[in-house]
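The paragraphs below go through a two-chain model, beginning with the contact between the chains and ending with the chains themselves. Please keep the sequence and the coordinates at hand while reading.

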Amino acid sequence: MIRPLSCTEMDALLPEWAEGGLQAEARVRVNSHVQTCARCAAEAAAWRRLSTTLTTHFATRRPPVPEGLASQIQRVVRLDMDRRSIRRRQRARIAALLTLTATAIAMFALWQVPSHLSPPRPLAPASPDAAMAWGSITVWALLGLAVSYILLGADLGGVRQLFSHRRCRS
Amino acid sequence: MARARQGDADAYAALVKRYTPDLYAFLAARVPRPVVADLAQETWLNAWRAIGSFRGLCSFRTWLYRIGLNLASRELKRRKRAAPWSDELAHAEPAQALASERIETADEHQELQRLMASLPAIDCELIHLLYRDQLSYEEISHLMGMPLGTVKVRLHRARQRLRAQLEERWEAKSR
């Protein structure tokens, strides 16, 4: 058996009830109280009137949406999606290209190092030529990494335009 | 919604179609009319870029309105105007009343607008969110960053005040 609501409890619930905002169970309890209590029925009518007045007020003053706005927004969003996806692909391509270049440079540098300039054995005295060759390989590798970093971060315009141009035509 | 979050353009287009009229009305109450369409577009763009971060803790509409509200505040600051809810009725252009409305009804609307302007700014904003934007209490709470209990109490107080003032006028009219 559900406990009937008191008039004090009704006072707190009626505004929300008038807007249809109560849970089903609470709604049923309020409805049954309204049917038996003249005072709360009058209160309910007053809250309903306020709710209707406010809802009507705002509904009639709702600004008209410009024609085609939703379609225009859809177009703009789709354009943005395409651009961002192109950008992602460009970055991936640039990164791949740079990795390949850096690897090629590193391999070339290694190939240039004569076999007798290989790293000194633990007990053998260090050769100054070997140290210089390995130093240059390190410099090349660092240079490659720095260039990759700058290209990916700054997104150089030329390469971007090259890819964008191709993408736009398709 | 789930498909839109995964980057489905068609699903997102459906959301745009569904919520643009509501978003437009929401923004039109906050910024001057000429910039509303641009702001609506920017809101949808920002929402699209951030949709991966939408976790569904609040409704999509609330999340979208939050983005719109931030953009509207930024726009107003840029224009060196007051905060959106302190001066909303002053700068929002009133929508054209329907031609079929009677003069009496138009007077009632003006009266109601005056009454709402006399409420504290936050209460007025809450009334607008509830009746104009048709948000639920939970949605208002999320949007305004206010506890649910506070929203309910403030709304109750504001409605009581409006009701008291309106009833005086209704009684005076019926005499």
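Between chain B and chain A there are 5 salt bridges, a salt bridge being a side-chain nitrogen of Lys or Arg within 4 Å of a carboxyl oxygen of Asp or Glu. One of them joins A:Arg78 to B:Asp10, whose closest N and O atoms are 2.6 Å apart. The model is a predicted one, in which local features need pLDDT of at least 70 and side-chain atom pairs count only at pLDDT 80 or more, while totals for chains, interfaces and linings use all residues. Residues are numbered from 1 along each chain as its sequence is written, chains are lettered from A and ligands numbered from 1 in the order in which they are written, and side-chain values use heavy atoms, with hydrogens and water left out.

Across the same interface, 10 residue pairs are in polar contact, both residues being at pLDDT 80 or more; the term stands for a pair of N or O atoms within 3.5 Å, where within protein one must be able to donate a hydrogen and the other to accept it, and where residues adjacent in sequence count only if both atoms are side-chain atoms. On the side of chain B that touches chain A, the elements giving two or more residues are helix H2 (9–28), helix H3 (36–50), helix H6 (103–117), helix H7 (121–132) and helix H9 (148–174) of chain B, and H2(B) gives the largest share, 12 residues. Helices here are DSSP runs of H or I with at least four residues, strands are runs of E with at least two, and both are numbered from the N terminus. By type, this side of chain B divides into 25 nonpolar, 9 polar and 11 charged residues, where Ala, Val, Leu, Ile, Met, Phe, Trp, Tyr, Cys and Pro count as nonpolar, Asp, Glu, Lys and Arg as charged, and the others, Gly among them, as polar.

Counted by contact (heavy atoms within 4.5 Å), the interface takes 45 residues from chain B and 34 residues from chain A. The area buried between the two chains, that is, the accessible area (1.4 Å probe) lost on putting them together and summed over both, is about 3,700 Å², and carbon and sulfur atoms give 67% of it. B:Tyr131, B:Arg163 and B:Trp170 supply 18% of the area that chain B buries against chain A, more than any other three residues.

Within chain B, the loop between H7 and helix H8 (137–144) holds B:Gln134, which has a positive phi of about 55 degrees although it is not a glycine. Leaving aside residues up to four places away in sequence, B:Asp133 touches B:Phe26, B:Arg30, B:Arg61, B:Tyr65 and B:His128.

Chain B as a whole has 9 helices and 0 strands, and 50% of its 175 residues count as buried. Chain A has 6 helices and 0 strands, with buried residues making up 27% of its 170 residues.

How values were computed: Buried < 20%, exposed > 50% of the residue type's maximum accessible area, 1.4 Å probe, protein only.
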